[in-house]
Amino acid sequence: MLQLSYFIVILYSVSILLVFFYSLAQFNLLLNYLKSKKIKDQSVQFDFSKVEEIPYVTIQLPIFNEKYVIERLLTTIAQLEYPREKLEIQVLDDSTDDSVIDTASLIEKIAATGIDIKQIKRTKRAGYKAGALKEGLVNAKGEFIVIFDADFVPQKDWLYKTIPYFKDPKIGVVQTRWGHLNRDYSILTKIQAFALDAHFTLEQVGRNSKSHFINFNGTAGVWRKQCIIDAGNWESDTLTEDLDLSYRAQLKNWKFKYLEQVETPAELPAIISAARSQQFRWNKGGAENFSKNAIRLVQSENTCFKTKVHGVLHLLNSTMFLAVFMMAILSVPVLYIKNRYVQFDAIFDILVFFVISSLLFFISYWVTFKNLHGGGFKNFLRYTSMFMTFYTIVMGFSFHNTIAVLEGLWGKKSEFIRTPKLNIEGLKDKWKQNTYLSKKISKNIFIEGGLIFYFIFGIYSAVILNDYSIIALHLMLVTGYTFVFVKSITDNN
């Protein structure tokens, strides 16, 4: 029993320390972010007042069964400001439902206005999104390839704000910051927006400002066609083909330019089944990319040590859910070990590292929140409430995301499951009639239901042992898993 206790305590401590080191890296990115605000951007840019400097651009729109958002997408893209003689739009349509007909009709109307737009269909959906992008690239006329997912609504001057940065021949990608059309729709959309805002400010700017590796986010960005080809083109052996190609390109010494000031609005998943699907794909894809690209990164002779460290931690992003879940599961037996074996008293000071990690995350996220939404006491209170809600619900997702990470690390392959687009921008919009939503309830949901009772037992244990050192953690876990479980059941009814 004592040997088992040692094993549990060691694993528990390692999990907490992994989260701690990750929080230190995030805090370093915060310092980079703050320093970047003092530096004036002196990037060379094309002068679009000179016709000869305006390059040919291809816009790729990879879609799959998007009947609820296709009209909004195509209407928005057709309104983008750019010389028509230097613009091509490829609608990479892998749809298998009647939206194909509606899309064709919309494209015909847009083409009649003089815009070069085509619907490109494949007989087989090989390679999913990566396969569609790769096939479209074969006949793409543009020197630069713009990519928008179906739920994005770029501003009219978007191309004029992004394409000019490619005057620097070393720039392979220009990425913009995501905005959120339905941020305030529900608690679920609010916490997703909160997390994405941190990624698109703290992380992307923090890395890019120091020339560390960042990732193209799959949409709302531009690739130099030559960069895609040089990096080995799109590959579909991971679920996050965007992260994969990003690392292969940067290992080839291509530079990425991140534009925090250019916001590209998009729709967040408004129901938990869609959010779970997206989270699973992102986290599994992240783990797959760690397996695929981490060794290449570490062995790279052209990459500095600090960039390698940040790159490895970046690729390990999703694996943090595994550390959080292990810490949570082991926290209950740890409570009993602590109260039975006095020799472990000192080691339990390790918990302070989790408190420090939480504080570092709190400070880092506050700075980015303040930059987007403003400071002041009222906004700080609003932020504190949002941070605690976010932190709690993220713990509720830790089992689901841990399964994704383990599958990715073990090399288990799965189908690319697109996130259903609902065209929800306000409270008046309804989604239950959406034909793309699955009514199937995953068996993982019932395991999450069991975890609620497991952590309630942890709270009960604190009472009978008269040890309340980790009761706050167990309260957060009960709340987080209850939210995920209840939403997963009710959203399917």
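Biologist: In what sense do strand β1 and β2 pair, and over how many bridges?

Modeller: In this predicted model, strand β1 (residues 57–63) and β2 pair in the parallel sense over seven bridges. Within that pairing, T58 stands opposite E88 in β2. The chain runs from β1 through helix α2 (residues 70–78) to β2, and this β-α-β crossover is right-handed.

Biologist: And how does β2 pair with strand β3?

Modeller: β2 and strand β3 (residues 116–121) pair in the parallel sense as well, over six bridges. The bridge partner of Q90 in β3 is K118. Here the chain crosses through helix α3 (residues 99–111), and this β-α-β crossover is right-handed.

Biologist: Is β2 buried or exposed?

Modeller: Seven of the seven residues of β2 (residues 87–93) are buried, so the strand is largely enclosed by the rest of the structure.

Biologist: Which residues lie on each side of β2?

Modeller: In a regular strand the side chains alternate between the two faces of the sheet. For β2, one side carries L87, I89, V91 and D93, and the other carries E88, Q90 and L92.

Biologist: Over how many bridges do β5 and β7 pair?

Modeller: Strand β5 (residues 171–180) and β7 pair over nine bridges, in the parallel sense. R177 stands opposite E263 in β7.

Biologist: Changing topic: how many salt bridges does the structure hold?

Modeller: The structure holds 24 salt bridges. One of them joins D41 and K257, with the closest N and O atoms 3.0 Å apart. D41 lies in the loop between α1 and β1 and K257 in strand β7, so the pair ties together parts that are 216 residues apart in sequence.

Biologist: Is D41 buried or partly exposed?

Modeller: D41 counts as partly exposed, at 42% relative accessibility, whereas K257 counts as buried at 15%.

Biologist: Which residue does K141 meet in a salt bridge?

Modeller: The side chain of K141 meets that of D116, at 2.7 Å from N to O. K141 is partly exposed at 47% relative accessibility, while D116 is buried at 18%.

Biologist: And which residue does K129 meet?

Modeller: K129 forms a salt bridge with D149 at 2.9 Å, N to O. K129 lies in helix α4 and D149 in the loop between β4 and α5 (158–162), so parts 20 residues apart in sequence are tied together. K129 is buried, with a relative accessible area of 13%, and D149 counts as buried at 18%.

Biologist: Which residues are linked in a network of salt bridges?

Modeller: The network links E235, D237, D244, R248 and K292.

Biologist: Last topic: which residues make the nonpolar surface patch?

Modeller: L2, Y6, I10, V14 and L18 make a nonpolar surface patch of about 430 Å². Of these, I10 has its place in helix α1 (residues 2–36). I10 is exposed, with a relative accessible area of 53%.

Methods. Residues are numbered from 1 along each chain as its sequence is written. This is a predicted model: local features need pLDDT of at least 70, side-chain atom pairs count only at pLDDT 80 or more; totals for chains, interfaces and linings use all residues. Side-chain values use heavy atoms; hydrogens and water are left out. Buried means under 20% relative accessible area, exposed over 50%, partly exposed in between (1.4 Å probe, protein chains only). Helices (H or I, at least four residues) and strands (E, at least two) are DSSP runs, numbered from the N terminus. Two strands pair if DSSP finds at least two bridges between them. A crossover is right-handed if, with the strands pointing away from the viewer, the path from the first strand over the helix to the second runs clockwise. Patches are made of residues with over 30% relative accessible area and no salt bridge: like charges are joined within 9 Å, nonpolar side chains (Val, Leu, Ile, Met, Phe, Trp, Tyr) within 5 Å. Accessible areas come from the Shrake-Rupley method with a 1.4 Å probe; for residues, only the protein chains shown count as cover. A salt bridge is a side-chain nitrogen of Lys or Arg within 4 Å of a carboxyl oxygen of Asp or Glu.
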